[in-house]
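Biologist: I have a new structure open on my screen. Can we walk through it together?

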Amino acid sequence: MVYQSGALQQVVSVARARNGHFVLQVTGHLGYGLPWGQDRLVPVFLATQAIRQKSPQIKFESAAAMLDTFGMQQGGSQYRRMVALFQRIFGATTFFGTDCQRERAAVVHRARFNFTTEARIWYSRDPKQRLLLGDCQNMVLLS
């Protein structure tokens with residue numbers, strides 16, 4: 001979809017799927033787009049980590065630990081790939097719903113959510129840098 005207001009033009013990425021009465025729509029962030037490919041596995045993995053850590057706040061000691069956890073090689077290009085992946089997931093809004101025709105009226109039910117409510121990801125080129133001062137662990141907070 002393209003929205004135009006004066007000189008400002010925005011492109012919104014939307015993916016829709018329907019199965020009978022059930023509807024799924026994912027709207028991507030204007031700057032980061034839609035989650036795609038292996039991005040779709042990250043929410044499942046994060047939910048698993050949240051259960052293991054018994055908290056919706058998932059912490060990683062360092063960027064290297066995040067890359068290792070996701071099975072990615074160490075390095076700047078892989079880190080940038082991971083950050084882009086998190087930006088797409090963080091920016092996406094998911095809509096679920098059903099619609100059906102009852103005897104006397106159409107019934108429409110919708111729910112909207114973002115998978116994460118907060119994320120903080122940092123990286124240092126110094127391999128000896130494990131933590132930053134203060135509370136600066138890599139963290140993802142699930143909604």
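Biologist: Is Phe-60 buried or exposed?

Modeller: This is a predicted model. In it, Phe-60 has 4% relative accessibility. Buried means under 20%, so Phe-60 counts as buried.

Biologist: Which ring does Phe-60 pair with, and how is the pair classed?

Modeller: Phe-60 pairs with Phe-70. Their ring centres are 6.2 Å apart and the planes sit at 40 degrees, so the pair is tilted. Phe-60 is in strand β5, while Phe-70 is in the loop between α2 and α3, so the pair ties together parts 10 residues apart in sequence.

Biologist: And what about Phe-70 and Phe-86?

Modeller: Those centres are 5.8 Å apart, with planes at 80 degrees, so that pair is edge-to-face. Phe-86 belongs to helix α3, so here the parts tied together are 16 residues apart in sequence. Phe-86 is buried too, at 5% relative accessibility.

Biologist: Which residues make up the ring cluster?

Modeller: Phe-45, Phe-60, Phe-70 and Phe-86 are linked by ring pairs.

Biologist: Back to α3. What covers its buried residues?

Modeller: The cover includes β4, α1, α2, β6 and β9. Among the buried residues of α3 are Tyr-79, Met-82 and Leu-85.

Biologist: New topic. What is the volume of the largest pocket?

Modeller: About 410 Å³. It is lined by 18 residues, and Val-26, Pro-35, Arg-40, Pro-43 and Thr-94 lie nearest its centre.

Biologist: Which element gives the largest share of that lining?

Modeller: Strand β3, with 3 residues. By class, the lining has 13 nonpolar, 2 polar and 3 charged residues.

Definitions and conventions:
Residues numbered from 1 in each chain as written. Predicted model: local features only at pLDDT ≥ 70, side-chain atom pairs only at ≥ 80, totals over all residues. Heavy atoms only, no water. 1 Å grid on protein atoms, 1.4 Å probe; cavity = no way out; pocket = protein on both sides within 12 Å on 5 of 7 lines; lining within 4 Å. Points joined across faces, edges and corners; volume = space filled by probe spheres on them. Helix = DSSP H or I, 4+ residues; strand = E, 2+ residues; numbered from the N terminus. Nonpolar A, V, L, I, M, F, W, Y, C, P; charged D, E, K, R; others polar. Buried < 20%, exposed > 50% of the residue type's maximum accessible area, 1.4 Å probe, protein only. Contact = heavy atoms within 4.5 Å. Phe/Tyr/Trp six-rings, centres within 6.5 Å; stacked < 30°, edge-to-face > 60°.
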